[in-house]
Structure formats: C-alpha cells, structure tokens
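Dear colleague,

Here is the structure I said I would pass on. My notes follow below it.

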Amino acid sequence: MSFWDRAPITKAALGDPRSGGRPPLDQEWHELLTRDQDAVFVWAGAWRRGKTIYGWTWSWVRAPGEDGLGGEPHPAVSASPSSIERMLSPLAHEARVRLMQTMYDGPKSAAQLSEASGMRGGNLYYHLKELLHASYAKEVEGGYDLTPLGCQMLLTVAAIASKVIEDRGDQGLLVADRSRGGPAPG
Amino acid sequence: MPRWDNAPVTKAALWDSPGEHGPSALEREWSGQLKHAGDFILLIAGCYRRAECSPTNPSWTALWWNVSEGAEDPSLQRGAAASAAAANVERLLTPFCREVRVRLMQELYSGARSSDDLAGTVGLKGGALFSHLGELVEAGLVEKQSEGVYALTNLGCNLLLILTSLAGVSVKDMGTEGLVIGGLG
C-alpha cells in the first residue's frame with residue numbers, strides 16, 4: 001500500500017503522481033483565478049522529530065481590486081524587503097546551513113558541531129550566534145538544537161534549493177510532472 | 001468564508017479544520033502518516049495572475065511537494081533538509097538578501113520596466129543599478145528583454161512570491177515558538 005492509498009485527502013487534493021494529469025488543487029485554482037481571485041498561495045507541511053510530530057498550514061488568497069478598497073496588499077509587492085533580508089540572511093550561508101543540517105536529527109554539542117562543520121572556536125560561535133539571534137537555533141543542556149522555526153525553514157529552503165538549482169535553465173521552479181507553466185487548458 | 005464555496009477541493013483540504021485555528025485536514029492526515037513512515041511532507045503551492053496575462057490565462061501554477069524516505073513509492077524522493085547541498089541554499093537565497101534587489105523584483109512584479117524607470121523608483125543610477133540587475137540576471141530571476149528593458153522570469157516570480165510570503169509569516173512570529181501549530185502528534 002503506497003502513501004497515496006493511505007492518504008485519501010492528499011490524493012484528492014494533489015492527485016496521484018503515478019497517474020499523471022493535472023492535480024485537482026491546481027485545476028481548481030486556475031478556475032478561481034480566471035473567475036475572481038488574483039493569487040493563491042499555500043505553504044503546508046508536517047515533520048517528525050523523534051516521537052514528536054509538528055505540522056503547519058499557512059495560506060493566503062487575494063482578490064483583485066483589494067488595493068483600491070483598502071484590502072490586503074499583495075505580499076509579493078508589499079512585503080518589506082528588510083524583513084526578507086532578516087529572515088533569509090542567516091540561511092544564506094553555506095556553513096550555517098551545514099550547522100543546521102547537523103542539528104536536524106537532534107541536539108549536538110559544540111564539539112560535535114565543530115567536528116561536523118570543520119569550524120572551530122570563534123568562527124563556530126560566530127555562526128551559531130547568528131542562528132541563535134534569528135531564533136533558528138537555541139541553547140540546550142550540553143549544546144545546541146534547532147528550534148521548530150529553524151526546522152521548518154531548513155526543510156523549506158533546502159527543498160526549494162534542491163529543486164530550483166537542479167532545474168535551472170528551464171522553467172525554474174516548475175518541477176517535473178507535478179507542475180506546468182503557461183496558460184490553463186481551455 | 002464564502003469565497004471558498006467555489007473551491008470545494010481547496011476547502012476540503014485546507015479549510016476543513018475543527019476550530020478556526022486548528023490543523024487543516026491535510027495536516028492532520030500527514031501527522032498520521034508520519035507516525036508510520038517518513039520524516040517530513042512539504043507542500044508549497046501557488047497560482048497567480050499577473051497584469052499582462054489575459055483573465056482567462058492565469059500565468060503560472062506550480063505545485064511542489066516532497067515526501068521523505070519511508071514511503072514505499074519510489075517516485076517519492078527523500079527529504080531534502082538533511083541532504084541538500086548547503087552551497088545551493090546559499091546560492092538560492094543570496095539574491096534575496098539585499099533590500100534593493102528585492103525592491104527591484106517587486107517593481108518588476110507588475111510588468112517589464114525600463115532601467116530608467118527602475119532608477120527613478122529605487123533611487124539608484126548607472127553602475128550601482130546595473131550591478132544589482134546583473135546579479136539578478138545571473139541568478140536567473142530577471143531577464144533583459146530588449147535594450148534597457150527588464151522583466152521577471154518565471155523562476156523570479158515564483159521565488160519572489162514564495163519567499164515574500166514566508167517572510168510575512170516567519171518574521172512576524174520570530175521570538176516565539178516559530179510557526180508550529182500545537183496539538184498534533
């Protein structure tokens with residue numbers, strides 16, 4: 001029995017990748033956008049760490065014309081560039097991503113982090129401090145650990161990076177058979 | 001919310017939660033799945049319409065998901081969190097780590113613009129402006145359409161939408177427990 005057979009809601013929303021075709025959510029959104037919405041965005045996930053399972057769903061939708069009527073502005077245009085810089089800068093560094101990856105499966109001592117990353121002393125602490133400051137990591141007894149936010153951000157940016165970088169040169173983020181560009185079919 | 005009455009699939013998957021702030025149906029299902037196998041499931045999906053596209057032709061849709069090892073289906077890839085090349089994460093995010101470059105992309109979201117236009121809007125001229133535009137072109141986020149006219153690429157649009165949306169959530173919530181929704185597991 002595959003994941004898809006055990007997960008009826010996921011299957012209903014995303015379709016079965018083995019059968020190909022357009023995911024139902026995707027189809028539905030194309031229709032929504034044609035009719036009255038301007039953008040839909042969903043960011044959802046769940047992950048397990050030891051025995052604890054974390055999950056989140058976050059989404060927004062925006063109708064056209066809301067700007068003029070005092071509605072919510074479009075995030076792509078209105079988000080504060082300095083917030084984006086603040087959120088991403090701690091993650092935009094190879095050594096810090098490696099530290100986070102090392103802590104992904106559980107807390108690590110400074111010695112373990114040093115060994116895994118090849119960084120020592122002041123250099124290691126400098127990068128750890130950046131992660132602590134951003135609330136992506138925290139101090140725990142005997143060492144350091146990722147926070148739930150850190151785990152969530154690592155999962156997300158690593159997943160995007162592994163697709164985007166691989167797929168460079170074609171349509172970008174449009175991934176394999178799960179997405180497509182261009183106009184919706186009539 | 002009435003606007004979702006027209007979207008039964010979305011409503012069932014994302015807005016069918018026990019309380020206003022409870023976990024969504026998808027999230028509840030995934031939590032159950034992770035008890036058996038795998039270590040994470042991630043969905044980043046979006047659809048948007050931009051000004052230059054006709055109303056019947058939404059410009060783009062991407063549905064992105066990943067299920068970790070443990071799922072039996074071989075088409076489902078192992079989770080990227082622990083295995084992605086750290087250098088690729090840096091490459092992906094670096095163009096977004098400068099305020100002025102994000103502002104340039106935000107300007108381009110509503111359509112192609114000339115460099116003269118952009119110079120006026122972001123307050124940069126000559127070499128400084130072209131150096132930032134060059135970085136964005138190099139990263140594949142922006143393309144030069146004709147002499148002096150720049151536009152966002154699909155990749156640039158997608159990433160701008162995704163990362164600005166994440167910033168809207170994460171930055172606000174920083175200092176607390178992050179974005180975790182309790183009551184699962």
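Two strands pair if DSSP finds at least two bridges between them; strands (E, at least two residues) and helices (H or I, at least four) are DSSP runs, numbered from the N terminus. This is a predicted model, in which local features need pLDDT of at least 70, side-chain atom pairs count only at pLDDT 80 or more, and totals for chains, interfaces and linings use all residues. Residues are numbered from 1 along each chain as its sequence is written, and chains are lettered from A and ligands numbered from 1 in the order in which they are written.

The sheet. Chain B has an open sheet of three strands in the order β3-β5-β4, with antiparallel pairing. β3 (113–114) and β4 (142–146) of chain B each have a single partner strand, so one side of each is left without a neighbour in the sheet. Two bridges join β3(B) to β5(B) (residues 149–152), in the antiparallel sense. Within chain B, B:R113 stands opposite B:Y150 of β5(B).

The core. A nonpolar core is a set of buried Ala, Val, Leu, Ile, Met, Phe, Trp, Tyr and Cys residues joined through C-beta atoms within 7 Å; buried means that 20 or more other C-beta atoms, placed from the backbone, lie within 10 Å of a residue's own. The largest such core has 89 residues, and A:L88, A:M100 and B:L163 are among those with the most contacts inside it. Helix α9 (residues 148–167) of chain A gives the largest share, ten residues. Domain 1 (2–83) and domain 2 (85–185) of chain B both contribute, so the core lies between them; these bounds come from an automatic or database domain assignment.

Regards

Methods:
Buried ≥ 20, exposed ≤ 12 C-beta atoms within 10 Å, placed from the backbone.
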